[in-house]
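Let's take a friendly walk through a protein model, looking at its rings, its strands and its inner space. Have the sequence and the 3D view ready.

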Amino acid sequence: MNKTITAANAPAAVGPYCHAKLAGNTLYISGQLGLDPVTGALAEGVEAQAKQALENLGAILKTAGMDYCDVTKTTVFLTDINDFAAINAIYAQYFQGEAPARSCVAVAALPKGGAFEVEAVAVK
């Protein structure tokens with residue numbers, strides 16, 4: 001049975017999707033942009049967007065009773081692959097110790113003009 005997870009401390013979805021779905025012990029988290037959860041405004045710059053997106057991810061994990069250490073796989077989307085090193089330093093602050101598996105993909109564009117997006121799978 002799937003359970004919809006909606007985090008009060010994460011920004012509203014910008015399309016017809018939910019924050020996450022819990023299927024058994026596995027949490028599938030939709031892509032998170034660097035949007036402020038209160039104002040809905042996009043943070044300025046890729047580094048600020050990465051921090052905010054990862055904070056949003058954390059809010060969803062917490063709502064599901066999980067934490068960053070439960071994340072098994074992430075996918076990062078960048079509009080400029082030259083930002084790879086800068087976002088790696090920020091990403092490492094959230095996934096300390098043994099990091100989850102990860103893919104990083106350069107894309108032509110992201111919703112709302114974002115420069116960074118992250119989606120994740122977590123298992124409790």
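We begin with one tyrosine. Tyrosine 68 has 16% relative accessibility, so it counts as buried (buried means under 20% relative accessible area, exposed over 50%, partly exposed in between, with a 1.4 Å probe and protein chains only). Phenylalanine 95, at 6% relative accessibility, counts as buried too.

A word on the source: this is a predicted model, in which local features need pLDDT of at least 70, side-chain atom pairs count only at pLDDT 80 or more, and totals for chains, interfaces and linings use all residues. Residues are numbered from 1 along each chain as its sequence is written, and side-chain values use heavy atoms, with hydrogens and water left out.

**Aromatic rings**

How many aromatic pairs does a search of the whole structure find? There are three. Rings of Phe, Tyr and Trp (its six-membered ring) pair if their centres lie within 6.5 Å; planes under 30 degrees apart count as stacked, over 60 as edge-to-face and the rest as tilted. Here are two of the pairs:

| Pair | Centre distance | Plane angle | Type |
|---|---|---|---|
| Tyrosine 68 and phenylalanine 95 | 5.6 Å | 90° | edge-to-face |
| Tyrosine 91 and phenylalanine 95 | 4.6 Å | 35° | tilted |

Tyrosine 91 is buried, like phenylalanine 95. Ring pairs connect Tyr68, Tyr91, Tyr94 and Phe95 into a cluster. Over the ring of tyrosine 91 sits the charged end of arginine 102, 4.6 Å from the ring centre (this requires NZ of Lys or CZ of Arg within 6 Å of the ring centre and within 35 degrees of the ring normal).

Strands are DSSP runs of E with at least two residues, numbered from the N terminus. Strand E3 (residues 26-33) is mostly covered, with six of its eight residues buried. Two strands pair if DSSP finds at least two bridges between them. E3 pairs with strand E2 (residues 20-23) in the antiparallel sense over four bridges, and six bridges join E3 to strand E6 (residues 116-123), also antiparallel. Isoleucine 29 in E3 stands opposite alanine 20, and its bridge partner in E6 is alanine 120. E2 and E3 form a hairpin with two residues between them, and glycine 24 in the turn has a positive phi of about 65°.
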